[in-house]
Amino acid sequence: MKLGGIKSVENAHDDSVWAVTWVPATANRPPLLLTGSLDETVRLWRSDDLLLDRTNTGHCLGVASVAAHPLGSLAASSSLDSFVRVFDVDSNATVATLEAPPSEVWQMRFDPKGAILAVAGGGSASVKLWDTSTWELVTTLSIPRPEGPKPTDKSGSKKFVLSVAWSPDGKRLACGSMDGTISVFDVPRAKFLHHLEGHFMAVRSLVYSPYDPRLLFTASDDGNVHMYDAEGKALVGTMSGHASWVLCVDVSPDGAAIATGSSDRSVRLWDLSMRASVQTMSNHTDQVWGVAFRPPGGSDARGGRLASVSDDKSISLYDYS
């Protein structure tokens with residue numbers, strides 16, 4: 001696999017762009033790119049030419065995360081204002097507004113069937129699960145307190161939860177914390193299973209392989225990308241190459257590669273069979289907060305696409321084959 005630059009949009013937002021995801025295609029339209037920014041807006045972009053389709057407002061502080069329903073009908077944005085706004089992608093009508101205490105709304109992900117929206121709970125050391133048919137809170141998955149915390153542990157028993165990821169079968173949910181630990185839950189039983197260890201700084205992004213419900217990829221401020229057997233609690237690979245914090249990771253639709261973005265301003269492509277970085281893209285001039293592979297589908301699919309967003313306010317679009 002090799003990346004080729006297609007287009008970059010400078011000043012895509014009026015402030016840092018912190019979040020990016022793809023809205024899947026529907027019967028009536030191709031996929032769209034969804035971005036969220038510290039300028040308090042969410043923007044939708046046409047899939048292949050990055051022309052702005054529309055701008056959504058409604059938050060009163062910066063947007064920290066965006067998520068798209070697997071059917072492409074709904075999307076959600078979370079903000080530093082402690083609200084999650086769920087909206088209809090085509091009409092822009094607000095479907096639900098979810099409120100949380102301050103510092104408890106971070107990264108979000110819809111489960112593979114679109115029945116549940118998982119929201120990383122920040123300072124509450126939990127992940128909240130919302131039913132997407134009623135928009136009622138159905139479960140709070142809490143990270144258990146450690147046994148015998150050290151008196152010198154300034155963070156006490158709390159783990160600040162930054163990131164969430166669903167396994168492809170929807171049975172497991174993993175979340176990454178500020179202290180570098182990853183917690184894995186059995187969702188049907190609402191049960192904590194175990195921690196995955198190996199990182200020693202914040203885990204801001206993580207994603208499961210689309211084909212292996214055991215395989216989890218994680219990105220950390222310690223500069224490393226890890227591959228875990230999330231069921232066997234085993235670290236199966238460490239990939240390094242970024243010169244600074246690794247802020248985001250996504251896996252290609254075929255499961256053969258991952259892309260990462262870093263505060264070293266680069267996007268890297270990693271070949272998983274080699275467990276090595278095979279390409280570095282330097283389109284951005286500031287740290288890269290989000291990378292997202294476009295899901296397959298849609299009539300305009302002209303091969304694979306990867307998007308990246310940055311503190312430099314820009315969006316870059318790449319193709320790959």
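In which strand does Asn224 lie? The close-up views below, drawn from a predicted model, begin with this residue.

View 1. Asn224 belongs to strand E20, which covers residues 224–229. Its relative accessibility is 19%, so Asn224 counts as buried, the limit being under 20%. Beyond its neighbours within four places in sequence, Asn224 is in contact with His199, Thr218, Ala219, Thr238, Met239, Ser240 and Val246.

**View 2. The largest pocket.** The volume of the largest pocket is about 1400 Å³. Its lining comprises 48 residues, and Thr21, Arg109, Phe110, Val207 and Asp250 lie nearest the centre. By class, 34 of the lining residues are nonpolar, nine polar and five charged. Strands that each supply at least two lining residues include E2 (17–23), E10 (108–110), E18 (203–208) and E22 (246–251).

**View 3. The salt bridge between Arg29 and Asp90.** The two side chains meet at 2.8 Å, N to O. Arg29 lies in the loop between E2 and strand E3 (32–37), and Asp90 in the loop between strand E8 (83–88) and strand E9 (94–99), 61 residues apart. Arg29 is buried, with a relative accessible area of 12%, whereas Asp90 is partly exposed at 49%.

**View 4. The salt bridge between Lys159 and Asp179.** The closest N and O atoms of this pair are 2.5 Å apart. Because Lys159 sits in the loop between strand E13 (137–142) and E14, and Asp179 in the loop between strand E15 (172–177) and strand E16 (182–186), the pair ties together parts that are 20 residues apart in sequence. Lys159 is buried; Asp179 is partly exposed, at 37% relative accessibility.

**View 5. A network of salt bridges.** Arg172, Asp186, Arg189 and Glu231 are linked in this network. The whole structure contains 10 salt bridges.

Notes
Residues are numbered from 1 along each chain as its sequence is written. This is a predicted model: local features need pLDDT of at least 70, side-chain atom pairs count only at pLDDT 80 or more; totals for chains, interfaces and linings use all residues. Side-chain values use heavy atoms; hydrogens and water are left out. On a 1 Å grid over the protein atoms alone, a cavity is a set of points where a 1.4 Å probe fits but cannot get out, and a pocket is an open set with protein on both sides within 12 Å along at least five of seven lines; lining residues have an atom within 4 Å of a point. Grid points are joined across faces, edges and corners, and a volume is the space filled by probe spheres set on the points. Helices (H or I, at least four residues) and strands (E, at least two) are DSSP runs, numbered from the N terminus. Ala, Val, Leu, Ile, Met, Phe, Trp, Tyr, Cys and Pro count as nonpolar, Asp, Glu, Lys and Arg as charged, and the others, Gly among them, as polar. Buried means under 20% relative accessible area, exposed over 50%, partly exposed in between (1.4 Å probe, protein chains only). Contact means heavy atoms within 4.5 Å. A salt bridge is a side-chain nitrogen of Lys or Arg within 4 Å of a carboxyl oxygen of Asp or Glu.
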